[in-house]
Amino acid sequence: MTPKEILALIREKEVRAVDLRFMDFPGLWQHFTIPAEALDENVFEEGVGFDGSSIRGWQAINESDMLVVPVPETAFLDPFCKERTLTMICNIQDPLTKEDYTRDPRNVARKAVNYMKSTGIADTAYFGPELEFFIFDEVRYDQDQHSGYYYIDSVEGAWNTGREEKPNLGYKLRYKEGYFPCPPSDAMHDLRTEMMLTMIECGLKIEAQHHEVATGGQGEIDMKYAPLVEMADNVLKYKYIIKNVAKKYGKTATFMPKPLFMDNGSGMHVHTSLWKDGKNLFAGSGYAGLSDQAMYAIGGLLRHAPALCAITNPTTNSYKRLVPGYEAPVNLAYSRRNRSASIRIPVYSPHWRAKRLEFRCPDGSCNPYLAFAAMLMAMLDGIKNKIKPGEPLDKDIYDLEPEELAKVPKTPGSLDEALRHLRQDHEFLLQGEVFTADVIDTWIWYKTEKEADAIRLRPHPYEFYLYYDI
């Protein structure tokens with residue numbers, strides 16, 4: 001859509017407010033709202049001012065003024081606002097230079113695409129993330145100087161088989177048995193369907209919705225693949241819709257990777273392929289129908305995976321998911337079918353258009369602009385430097401001898417470890433000034449001080465069980 005078409009839509013739909021949204025550095029949507037009559041064509045050129053010093057990881061207080069510049073093609077009618085509201089995603093600019101802001105995640109993603117085109121390797125990078133999430137009935141948590149706890153509940157949780165519900169009908173999903181059961185065991189079917197239909201109304205292309213493996217309301221709604229920046233925009237719409245439909249029915253949704261102990265966590269398996277002149281560059285005649293370029297892209301992803309995890313798995317909780325035994329992709333290897341490998345080559349369709357890689361490490365706590373951009377940069381580095389990925393891991397992991405399994409590289413065991421890898425291995429991200437040094441430095445500082453150190457310094461409730469009587 002053009003600015004003129006946006007203004008016409010506002011008149012046609014009798015829109016009363018315009019919501020302007022952008023992504024903060026760690027990965028949450030931020031917004032403010034202007035009256036519809038305040039939007040004119042100049043706003044699309046000149047932007048609207050706001051205080052950048054109040055956004056996490058952004059400007060200092062003495063240089064706080066920033067601009068949001070709405071992107072007309074991202075517009076959609078918000079299905080949750082009481083008054084008719086048009087929402088647009090925005091780019092961030094410096095008000096003095098009018099340059100795009102280096103720490104605006106959407107700017108990083110746009111630069112990654114432009115860099116890809118400048119190399120001549122490809123002109124389109126398609127991404128298709130599969131976001132998993134939980135829908136709970138209640139969540140409570142607190143932490144202070146002398147206490148700390150969390151409490152989660154779900155009507156279909158396996159732990160509630162004996163709860164007095166007047167009546168308890170007994171349809172609770174057993175641990176790790178949530179994949180594809182029909183209602184009434186799948187208590188979230190109608191809710192996910194409303195989420196799916198709301199997404200379609202907001203312009204997202206949806207392929208399917210279903211319950212996921214874990215008990216307690218784990219679900220997944222699959223979007224059709226799209227170019228990198230568009231898909232990152234779509235992830236934000238997706239998460240917004242999931243959370244607000246859940247809230248509408250008095251429930252709460254989370255993309256936290258591992259909210260439940262001893263059951264599957266929530267990942268964001270990312271399907272990706274590179275194209276040029278309408279041709280899928282990953283289709284070929286090699287292993288699993290892949291091209292040499294696809295194999296080099298796998299090599300780049302595997303070589304840089306420990307550093308990538310600091311961006312694609314950016315929370316301390318992420319590493320409670322990346323553990324053996326829960327279909328988690330902890331092995332830095334590739335395979336055509338093995339789901340414990342970090343890269344899988346789907347074999348559902350042999351058609352050349354469908355040939356792609358599935359990077360299984362990421363989770364929904366990531367900033368999608370930064371995660372997709374970092375993945376693209378790793379693949380381009382692999383292709384440019386012809387990095388070979390080694391042999392595939394097609395054996396059952398659980399049948400491997402300990403000595404053989406020990407030779408397979410693993411994902412980092414903690415956010416601290418992933419950040420250490422990022423400190424040592426980020427040159428590939430700096431190519432074309434896609435990720436600038438201040439972005440990398442700020443990311444490492446923020447994640448270390450605000451999250452990793454903050455968790456490390458606090459007593460854990462289970463420590464009292466283990467150590468109180470020492």
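A pocket, as the word is used here, is an open set of grid points with protein on both sides within 12 Å along at least five of seven lines, and its lining residues have an atom within 4 Å of a point. The structure is a predicted model.

**Exercise 1.** Describe the largest pocket by its volume, its lining and the elements that contribute to that lining.

*Solution.* Begin with the volume, which is about 2,000 Å³ for the largest pocket. Next, take the lining, which comprises 44 residues, with Met 256, Lys 258, Thr 316, Asn 317 and Ile 455 lying nearest the centre of the pocket. Of the elements, α12 gives the most, with 7 residues.

**Exercise 2.** Carry out the corresponding description for the second largest pocket, and state which element gives the most to its lining.

*Solution.* The second largest pocket holds about 770 Å³ of space. Its lining is made up of 39 residues, and the closest to the centre are Glu 130, Glu 220, His 271, Arg 344 and Glu 358. At least two lining residues come from each of β7 (124-136), β10 (206-211), β11 (218-223) and β14 (268-276), and β7 gives the most, with 6 residues. Sorted by class, the lining of this second largest pocket has 15 charged, 14 nonpolar and 10 polar residues.

Methods. Residues numbered from 1 in each chain as written. Predicted model: local features only at pLDDT ≥ 70, side-chain atom pairs only at ≥ 80, totals over all residues. Heavy atoms only, no water. 1 Å grid on protein atoms, 1.4 Å probe; cavity = no way out; pocket = protein on both sides within 12 Å on 5 of 7 lines; lining within 4 Å. Points joined across faces, edges and corners; volume = space filled by probe spheres on them. Helix = DSSP H or I, 4+ residues; strand = E, 2+ residues; numbered from the N terminus. Nonpolar A, V, L, I, M, F, W, Y, C, P; charged D, E, K, R; others polar.
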